[in-house]
Amino acid sequence: MGKLYDNYVKSYALTESNAEEFFDIVKDIYSTPEFQSMGDYIQHADITRLQHIMSVAYLSYLKAKEKNKNYVSAARGAMLHDLFYYDWHTAGDGSHRLHGYRHPGFALKNARKLFSLSPLEENIIIRHMWPLTPTPPKYSESFIVSMSDKYCAFQEIIIKKFPSYRLKFKNSVKKAGASNG
Ligand SMILES: [Fe+2]
Ligand SMILES: [Fe+2]
């Protein structure tokens, strides 16, 4: 189904040996308890926010590298783009109704508490919901992360909605994991 899809599948089977450079870039973020807590939240279907973020970060890293852009900041900004500590599905009381607009700001605030960020990394986080939030990304890396985020969300929704697609996808992931040895 194409290179983008193959890389998306691979993002579910990443290890320090099949994605050595990627892990070198993001390891310090990945190993924080704050980042690991992203595994406690569901993004779409049975896919956790931790997995969602890893997919977005890996695809952004590959795309930025392919385009000779700053792939280190693309990967690191993407790792922090959805760093907020609540389940956005629990919108029953209305408190999370504006989640789509507000969470980039929450993520930026949380990320700043943990790491010192470059202006590029800050822009990646705060502009990733464009065009829902109207100010466009300032850098091509921010645009890459925003597009990777949309691609991953789209895949997650299809995986959730269509059982036959889900089955096929899970088999692809299994195969990708097996070929890692
Ligand atoms: Fe987001
Ligand atoms: Fe996201």
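Colleague: At what angle do α2 and α5 pack?

Modeller: Two packed helices are described by the angle between their axes and the distance between the axes. In this predicted model, helices (H or I, at least four residues) and strands (E, at least two) are DSSP runs numbered from the N terminus. Axes are lines fitted to C-alpha atoms, for helices over the stretch in contact, and angles run from 0 to 180 degrees between N-to-C directions. The axes of α2 and α5 are 10 Å apart, and the angle between these helices is about 35 degrees.

Colleague: In which hand does α2 pass α5?

Modeller: Residues are numbered from 1 along each chain as its sequence is written, and chains are lettered from A and ligands numbered from 1 in the order in which they are written. Local features need pLDDT of at least 70, side-chain atom pairs count only at pLDDT 80 or more, and totals for chains, interfaces and linings use all residues. A crossing is left-handed if the near helix is turned anticlockwise from the far one by less than a right angle, and right-handed if clockwise. The crossing of α2 and α5 is right-handed.

Colleague: How many of the nine residues of α5 are buried?

Modeller: A residue is buried if 20 or more other C-beta atoms lie within 10 Å of its own, exposed if 12 or fewer, and partly exposed in between, with C-beta atoms placed from the backbone. The buried residues of α5 include Tyr 71, Arg 76 and Gly 77, and the buried set packs against α2, α4, α7 and α8. The helix is largely enclosed by the rest of the structure because its buried residues number eight.

Colleague: Is His 81 buried or exposed?

Modeller: His 81 sits in the loop between α5 and α6. Leaving out residues up to four places away in sequence, it touches Val 56, Ala 107, Ile 124, Ile 125, His 128, Val 145 and Asp 149. Since 30 other C-beta atoms lie within 10 Å, His 81 is buried.

Colleague: How does His 99 count, as buried or partly exposed?

Modeller: His 99 belongs to helix α6. It has 17 C-beta neighbours inside 10 Å, and therefore counts as partly exposed.

Colleague: How far apart are the axes of α7 and α8?

Modeller: Leu 120, Asn 123 and Ile 124 of α7 meet Glu 141, Ser 142 and Val 145 of α8. By class, this contact holds three nonpolar, two polar and one charged residues. The crossing is right-handed. The helices pack at about 30 degrees, and the distance between their axes is 9 Å.

Colleague: Which residue does a cis peptide bond join to Trp 130?

Modeller: The place to look is the loop between α7 (119-126) and α8 (140-161). Omega is about 10 degrees at this bond, and the partner of Trp 130 is Pro 131.

Colleague: What is phi of Asn 68?

Modeller: Asn 68 lies in the loop between α4 (49-66) and α5 (71-79). It is exposed, because 7 other C-beta atoms lie within 10 Å. Its phi is positive, in a residue other than glycine, and is near 55 degrees.

Colleague: What radius of gyration does the chain have?

Modeller: The chain comes to nine helices and two strands, and 36% of its 181 residues count as buried. The radius of gyration is taken over C-alpha atoms, and the globule rule is 2.2 Å times the number of residues to the power 0.38. For 181 residues a compact globule would be near 16 Å, and the chain agrees, at 16 Å.

Conventions:
Contact = placed C-beta atoms within 7 Å. Nonpolar A, V, L, I, M, F, W, Y, C, P; charged D, E, K, R; others polar.
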